[in-house]
Amino acid sequence: LDLGSSNPKEDGGQKEVLPGDELILLACQLLLEDGSSTASLIASAALLEAALHHSPFNPHCMIAAIGVYDRLSAGQRSLEFWERMGVKQVQYDSCSYLIFPTLIRSGLYREAVQLAGNVMGLHWSSAKDIQDFSIKCCETGVLSRCREMITWQRQRMTTSLALLSAKGVVMDLASLGL
C-alpha cells in the first residue's frame, strides 16, 4: 500500500497529510469496533506507526496513536506522540485532555504535574497579558478592544475545564511529593 511520498524535496516541503492517511484512520476505527481486543489494538498501533513513518506531521494520526497506546497501557509511547505534536501555549488548554488520563493511568506523575503546570502557567500569563493589553487599549482609547479581551478572559479562560482538570491533577498528585 503506497501511502504517498514522505520526501520533503519531492514536493517542495513537508506535508502534514498524505492521501492514504484517512484510509489508515478508517482501518483503525474499524479494527477498534470489535471490542478492542489486544490483537486489534496492536494491529491499529502498527497501522498508525506505518502511517506516521510516511507522514510524520499528521496530527490526526498522532492523536489516534495516543488513544491506541493508552488502551494498550503504553503511556510512555503516548507521551512521545504528545511531545511530537509540539503542543504550545493556548493549545495546552484545548489539547491537554488527550494525555492527562494516560499520564496518570501509566504512572507518569511527574509529566502529568509538568503538563498541569503548563496549563496553569498559560492561564496565569494570559491573565497578566490581558491586563497589560487592557491598559494599553484604555490609554489609546480603543475601549471596544479592551472590552473584547476582558470578556474573552472572563468567559473563556476562567471557565476552562482544562484549568480545573490541571488544578485537580496537581492536588491529587501533591501527596506523592513530586
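Contact, as used in these legends, means heavy atoms within 4.5 Å. The model is predicted, so that local features need pLDDT of at least 70 and side-chain atom pairs count only at pLDDT 80 or more, while totals for chains, interfaces and linings use all residues. Residues are numbered from 1 along each chain as its sequence is written, and side-chain values use heavy atoms, with hydrogens and water left out.

View A. Leaving aside neighbours within four places in sequence, Gln153 is in contact with Ser126, Ala127, Ile130 and Thr158.

**View B. The largest nonpolar core.** A nonpolar core is a set of buried Ala, Val, Leu, Ile, Met, Phe, Trp, Tyr and Cys residues joined through side-chain atoms within 4.5 Å. The largest one has 36 residues, and those with the most contacts inside it are Leu48, Phe81, Trp82, Tyr92, Leu103 and Leu115. Among the elements that give two or more residues to this core are helix H3 (38-54), helix H4 (59-71), helix H5 (75-85) and helix H8 (109-140), and H4 gives the most, with six residues.

**View C. Ile66 in helix H4.** Ile66 counts as buried, at 2% relative accessibility. Not counting residues up to four places away in sequence, Ile66 touches Ser78, Phe81, Trp82, Met85, Leu98 and Ile99. The C-alpha atom of Ile66 is separated by 8.4 Å from that of Thr102, which is 36 residues apart from it along the chain.

**View D. The largest pocket and Tyr92 in its lining.** On a 1 Å grid over the protein atoms alone, a pocket is an open set of points where a 1.4 Å probe fits, with protein on both sides within 12 Å along at least five of seven lines, and lining residues have an atom within 4 Å of a point. The largest pocket has a volume of about 200 Å³, the volume being the space filled by probe spheres set on the points, which are joined across faces, edges and corners. The largest share of the lining, four residues, comes from H8. Tyr92, one of the lining residues, is in contact with Trp82, Val87, Leu115, Asn118, Val119 and Leu122, leaving aside its neighbours within four places in sequence.

Notes
Buried < 20%, exposed > 50% of the residue type's maximum accessible area, 1.4 Å probe, protein only.
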